[in-house]
Amino acid sequence: MQSELSTLCQTPLGPHHRSVGAKMVPFAGWEMPLQFSKVKEEHLAVRSAAGLFDIGHMGLVTLQLDEASLGAFNALVPQDLRKLTPGKAVYTQFLNERGGIIDDLIIYRLPELSDSQLSDAFSGWLVICNASNTAEDIAWMQQHLSVPLKHQTHYTLFALQGPHFSAVLDRFGVRAEQLPARFHVAELSVKLPTGDSFSILVARTGYTGEDGVELIVPIAFASVFWAALIEQGAPLGLLPIGLAARDTLRLEAAYPLHGHDITPDYTPIEAGLGWSVKWAEDNAFIGRDALNTQKQTANHKHFVCFNLSGRTIPRQDDTIMYQGKAVGVVTSGSISMSLGHPIAMGYVDASTPHAPGDILQIQVRDTLAEATITSRPFYSANRIKG
Amino acid sequence: MADSHIIPDNVKLTETHEYLRIDDDDRARVGISHFAAEQLGDIVFIELPEVGQRIEKGDTFGSIESVKAASDLYMPVSAEVVAVNTQLTEEPELINDNSYGDGWMIEISLSNPDEVNELMTPAQYSQIAQ
């Protein structure tokens, strides 16, 4: 195990996580904390108080775009980036010609920054990629764009999520009214208990179904800021959160995980992400024809969410059954820590019932478990609307 | 529990990571090793047999679900189930916390006590569990 871990990338917090006894695992080429305490405890802390995530494995890529190169960049995603004003972000995907999802991303149009170091790195546009796809995303952009890309490796990423996230930031001199609105990004100054202060980028985004932020932090301040967040957040119920709870949280929010729920074999239409596809006539993008055909014919797979009442937990690759026939496959399944029963997501064939309330079965090892389709998400917090 | 990974002396184990903790001559408790619980991660559900059921060595006596995986449980010896740890229904995490103690799963009456000799000693098991 040790030798396997030693070849992996580490976030700036790797030594810190190990020193507090986190269970470390390989994930997408990185050594990451799976859990710090118990998965359920971590999960419920995010739902009821706050959680701090090390997501330094995700890729931060910046680029400068003029009008012509913005057109070329916009053709890589089914969103319409041309409408994005500085300080705003969108959830989107890179698609192949078949409309299959190469990766899902958040793209930020950065605002003007005042901190000189931060603005050197973060001007123009920012793409946040999944760790496992960062290299492929960079290659894809390089293949289609003639502008230089910068992989920002002197900065790392934390997520601070949960109802008390803003109270935690308040202890660092960040007032609630300074926070960017949902799917916006802003530069904020953070004051440590020691009196030191530095600038970070704060994005009102996340992967938990809770309100919260993702923080772009200079690596020089990463360890001291992390430790201060844990210390200052503890009285508010904040816990450090590992990948295991990150997965159970995102599953309750019905957020897809690339490589599992979405892959180059599934399109945003099939994945229930059609809301993120913009069909304006002049919005030409790679994969548009394939998506358009699926939209017109409606002859495509459907991404569905299931509630189960028993104690059998469906897992990735389990077969979805209807009237004795295999009609689909599970892509994610777990117990819902908030709801107390098993939940799953997956795809069913075009002709299979897929409306909320429809009852299908999932073959879980030797058990045929009844699974009721439900609308997504499984769990939703009372979000502040941006 | 800090020493929950230490295998007690009166425990014998299987290659499938179940243990038999022998409390007197023909009574024993069955569970899974601390190593197995660590590998599975946080356990969230457990299915156990009914009291009175007779189960042959090697047959499944239940299953456990962790956050990340499911696993069947195999009888280390042929036996009759005389008690079930019902506390695990509410607190399956006891298996992670203290698998050889409060995390026991079933108590059994051995059909053929000689079968115990076919199981691994803690030292032998430690060779495969790392």
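This is a predicted model: local features need pLDDT of at least 70, side-chain atom pairs count only at pLDDT 80 or more; totals for chains, interfaces and linings use all residues.
**A tour of charges and a helix face**

Residues are numbered from 1 along each chain as its sequence is written, chains are lettered from A and ligands numbered from 1 in the order in which they are written, and side-chain values use heavy atoms, with hydrogens and water left out.

Stay with this helix, which covers residues 288-297, and select its buried residues, Arg288(A), Leu291(A) and Gln294(A). Seen down the axis of α10(A), these buried residues fall within an arc of 130°, so they line one face of the helix; the arc is that of the directions from the helix axis to the C-beta atoms. Helices (H or I, at least four residues) and strands (E, at least two) are DSSP runs, numbered from the N terminus.

Next, select Glu31(A) and Arg18(A), whose side chains meet in a salt bridge (3.2 Å, N to O), a term for a side-chain nitrogen of Lys or Arg within 4 Å of a carboxyl oxygen of Asp or Glu. Glu31(A) belongs to strand β3 (residues 30-35) and Arg18(A) to helix α2 (residues 14-19) of chain A, 13 residues apart. Glu31(A) is buried, with a relative accessible area of 5%, whereas Arg18(A), at 37%, counts as partly exposed.

Now move to Arg47(A) and Glu252(A), which form a salt bridge at 2.9 Å, N to O. Because Arg47(A) lies in helix α3 (residues 39-48) and Glu252(A) in helix α9 (residues 243-252) of chain A, the pair ties together parts that are 205 residues apart in sequence.

Finally, turn to chain B and select Asp23(B), Asp24(B), Asp25(B) and Asp26(B), which form a negative surface patch; patches are made of residues with over 30% relative accessible area and no salt bridge, like charges being joined within 9 Å and nonpolar side chains (Val, Leu, Ile, Met, Phe, Trp, Tyr) within 5 Å. Asp26(B) sits in the loop between β2 (18-24) and β3 (27-32) of chain B, and its relative accessibility of 39% counts as partly exposed.

Note on methods
Accessible areas come from the Shrake-Rupley method with a 1.4 Å probe; for residues, only the protein chains shown count as cover. Lys and Arg count as positive and Asp and Glu as negative; His and the chain ends are not counted. The place of a charge is taken as NZ of Lys, CZ of Arg, CG of Asp or CD of Glu. Buried means under 20% relative accessible area, exposed over 50%, partly exposed in between (1.4 Å probe, protein chains only).
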